[in-house]
Amino acid sequence: MRRIVLLLVSVLLLVSCTVPKKIELTSFDNVTTTIDAKPEDIVVISSALVSILDSLDVRIAGTNSIMTDIKLDLKNQNTIDIGSAILPKYERINAISPDLVIAGSIFVGHRGKMAENKLPLWLLDDQTFDQMNSVIEKFGDLFDKKSQAEALIESNKQRLSKLTAKPDAPSVLILYGLNDGFAVAYDLSFVGDMLKRYGCKNVAYDIDLPEIYPDFISEYDEEELAKLNPDVILRIYDGGTKRVRPLFEAHNELFREGGAWHNMSAAQSGRVYDLPQFLYASNPGLLMMDSAEELYRQVIENIK
C-alpha cells in the first residue's frame, strides 16, 4: 500500500512539473493579461518598443507602418505591416495570430477592439527615462534576455549620470506637431522628463489647457500660449512627416513680425528649435540616451 501511495505522489509531482506555468502580464493601468507561455509570435504597436525588443534579439512578427517613416537600424526584422498605430488593420493582426500584442499606454483606447478580436494585449508606460528602463527590465524577464536588459539599463544610467542639472537652466515650451495640429508636452513626455532632470522649467504648467493624456500632452491653444515667455521653444515632429511639416511651415508665421508669438524671448533670441523625428518623435526607444545627450547639448550647453 505504501508503495502505491509513493507511486501516486511521484506521478502527481511529475505532472505538476510538466504542466507549463501561465504568465500574467500587468498593464500600466493594472489590467492583467494571461498567456500560456513565453510568446513566440508578437505584434508590437510602437516603434520605440520595437527598437528595444530588436536590440534584445526578440523576433517581431508584425508592427505599425510608422517604422517606415523613421530611421531605425533594425536587425533582420521581416515584420508584417499591420497599418498605423492610430488605425491598425485588425485583419492583418488576426492573420498573424499573435501570442501577444504589445503597445504603449496611449494605445489604451484600442483595448475594447483588441478584446473583441480576442487578442492578448499588454500596455506599457513608455515615455519617461524610468518608465523606459522598467520596460527594458520587463522585456528581459519575459523573453529570457535578462543579462542583455541589465547591461542596457546600466549603460543608460551611466550616460545619464553625466548630464547634470543646472541652476540657471532655461525655461522651455515643448510643442508636438501631430497629424491634425499641435499639442503641448508636459513632464511625463520623454523630452519633458529629461528637461526637468536638467533643471529646466516647463512653462506649460503656468496655464490651464485641456489635456489629451494627463500630464503628457494637452491641446494646443495659440492665445493661451502667447501669454508665456519661454527662453526656448522645442518643436517635435510626431505622426506622418508629410502631413506634419506643412503645419510647421505655417506655424513659423507666429514668430515673424506681427505674429502672436513674435515678442516671446525664444523668438527674439532665435531659440526656436526643431528636433529631428528619428531621435525624438513621441519616444526615442533604443535611442533614448542619444536623444537625451543631444537635448542636453542643444538646450543646456549651447545656451549662455
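I started with a bridge: G62 has I80 in β5 as its bridge partner. Strands here are DSSP E runs of at least two residues, helices are H or I runs of at least four, and both are numbered from the N terminus. The model is predicted: local features need pLDDT of at least 70, side-chain atom pairs count only at pLDDT 80 or more, and totals for chains, interfaces and linings use all residues. Residues are numbered from 1 along each chain as its sequence is written, and side-chain values use heavy atoms, with hydrogens and water left out.

**Sheet**

I checked the pairing next. β4 and β5 pair in the parallel sense over 2 bridges. Two strands count as paired if DSSP finds at least two bridges between them. I then read off the strand order. The open sheet has 5 strands, β5-β4-β3-β6-β7, with parallel pairing. β5 (80-81) and β7 (121-124) are the edge strands with a single partner each, so one side of each has no neighbour in the sheet. I also looked at α5. This helix lies across β6 and β7 and runs at about 150° to β7. Axes are lines fitted to C-alpha atoms, for helices over the stretch in contact, and angles run from 0 to 180 degrees between N-to-C directions.

**Helix α2**

Why is α2 largely enclosed by the rest of the structure? I found that 9 of the 9 residues of α2 (residues 47-55) are buried, so the rest of the structure largely encloses the helix. Buried means under 20% relative accessible area, exposed over 50%, partly exposed in between (1.4 Å probe, protein chains only). The buried residues include L49, V50, I52 and L53. D54 is also among them. I listed the cover: it includes β3 (42-45), β4 (62-63), β6 (100-104), α5 (129-142) and α6 (146-160). Contact means heavy atoms within 4.5 Å.

**Positive phi**

S97 is not a glycine, yet its phi is positive, about 55°. S97 sits in the loop between α3 (90-96) and β6. D144 is another residue other than glycine with positive phi, near 55°. I placed D144 in the loop between α5 and α6. D144 is exposed, at 58% relative accessible area.

**M194**

Is M194 buried or exposed? M194 is buried, with a relative accessible area of 0%. I located M194 in helix α7 (residues 190-197). Leaving out residues up to four places away in sequence, M194 touches F129, L160, A292 and L295. I also looked up T128: M194 and T128 are 66 residues apart in sequence and 7.7 Å apart in space, C-alpha to C-alpha.
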